[in-house]
Amino acid sequence: MIQSRPMINNHKRITIISKVVIIQLAMGLVAVLLLTVHQQNINTLPSSIIGLALAIVPTIVYTKIAFGGGLFLAPHVVYLRHKKAMISRFITNLLLFSIVLVAYKQCDYFALLITYIATLSGYWMSLIIIK
């Protein structure tokens with residue numbers, strides 16, 4: 001059967017994407033809380049929150065670019081969107097990290113990196129949690 005129009009957004013898939021971001025956010029907030037309680041340094045809380053943002057913002061950028069125009073079945077369109085989204089995500093990461101390195105001199109880099117890694121691991125955990 002030939003389809004006369006492209007497939008559009010499926011609400012279930014968009015909901016799954018938002019669940020991934022929520023799981024990342026939850027894991028990042030747990031890391032922020034644990035690091036802040038453990039280190040009790042004045043720079044730990046803002047550094048941890050920045051680490052959380054450094055992981056969440058590129059994920060949202062990827063999602064907006066890859067799935068912003070809807071979900072299509074044409075493989076070449078999906079592939080082109082994925083490439084554009086990955087490049088945008090990489091550039092966003094570089095820009096955000098460079099801004100932090102230049103602008104925030106009192107940063108607790110240990111807290112920033114631990115929170116960043118914990119938040120990114122939320123993506124991998126979402127593969128296990130979401131069915």
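Colleague: Which residues in H4 do Arg89, Asn93, Phe97, Val100 and Leu101 in H3 meet?
Modeller: This is a predicted model. H4 covers residues 109–129. The residues that Arg89, Asn93, Phe97, Val100 and Leu101 in H3 meet there are Tyr109, Leu112, Tyr116 and Leu120.

Colleague: How do the residues of that contact of H3 with H4 divide into nonpolar, polar and charged?
Modeller: The H3 side brings Arg89 and Asn93 along with Phe97, Val100 and Leu101. Arg counts as charged and Leu as nonpolar, for example. For the contact of H3 with H4 the division is seven nonpolar, one polar and one charged.

Colleague: Are H3 and H4 roughly parallel or roughly antiparallel?
Modeller: The axes of H3 and H4 come within 13 Å and cross at roughly 160°. Angles over 145 degrees count as roughly antiparallel. H3 is therefore, relative to H4, roughly antiparallel.

Colleague: Is the crossing of H3 with H4 left-handed or right-handed?
Modeller: Two packed helices are described by the angle between their axes and the distance between the axes. Handedness is given separately here, and for H3 passing H4 the crossing is right-handed.

Colleague: At roughly what angle do the axes of H2 and H3 cross?
Modeller: H2 spans residues 44–67 and H3 spans residues 75–103, and their axes come within 8 Å. The pair is roughly antiparallel, because the crossing angle is over 145 degrees. The crossing of H2 and H3 is right-handed. The angle is roughly 155°.

Colleague: How many residues of the contact of H2 with H3 are charged?
Modeller: On the H2 side the residues include Ile50, Leu54, Val57 and Tyr62. On the H3 side they include Arg81, Lys84 and Arg89, as well as Leu96 and Phe97. The contact has 13 nonpolar and five polar residues, and the number of charged ones is three.

Colleague: Which residue has its backbone nitrogen 2.8 Å from a polar atom of the side chain of Ser47?
Modeller: Ser47 lies in helix H2. Ser47 is buried, because its relative accessible area is 0%. Beyond four places away in sequence, Ser47 touches Tyr104, Cys107, Ala111 and Leu112, among others. The backbone nitrogen at 2.8 Å belongs to Asp108.

Colleague: How far apart in space are Ala118 and Gly28, C-alpha to C-alpha?
Modeller: Ala118 is found in helix H4 and counts as buried, because its relative accessibility is 18% and the cut-off is under 20%. Ala118 touches Met27 and Ala31, with residues up to four places away in sequence left out. Gly28 is 90 residues from Ala118 in sequence, and the C-alpha distance is 5.7 Å.

Colleague: What share of the contacts with a separation of 6 or more joins residues 24 or more positions apart?
Modeller: The chain has four helices and zero strands, running α-α-α-α from the N terminus on. Of its 131 residues, 32% count as buried. Among contacts with a separation of 6 or more, the share from residues 24 or more positions apart is 78%.

Note on methods: Residues numbered from 1 in each chain as written. Predicted model: local features only at pLDDT ≥ 70, side-chain atom pairs only at ≥ 80, totals over all residues. Heavy atoms only, no water. Axes fitted to C-alpha atoms, helices over the stretch in contact; angles between N-to-C directions. Helix = DSSP H or I, 4+ residues; strand = E, 2+ residues; numbered from the N terminus. Parallel < 35°, antiparallel > 145°, perpendicular 65-115°, else oblique. Left-handed = near helix turned anticlockwise from the far one by under 90°. Contact = heavy atoms within 4.5 Å. Buried < 20%, exposed > 50% of the residue type's maximum accessible area, 1.4 Å probe, protein only. Polar contact = N/O pair within 3.5 Å; in protein donor to acceptor, adjacent residues only side chain to side chain.
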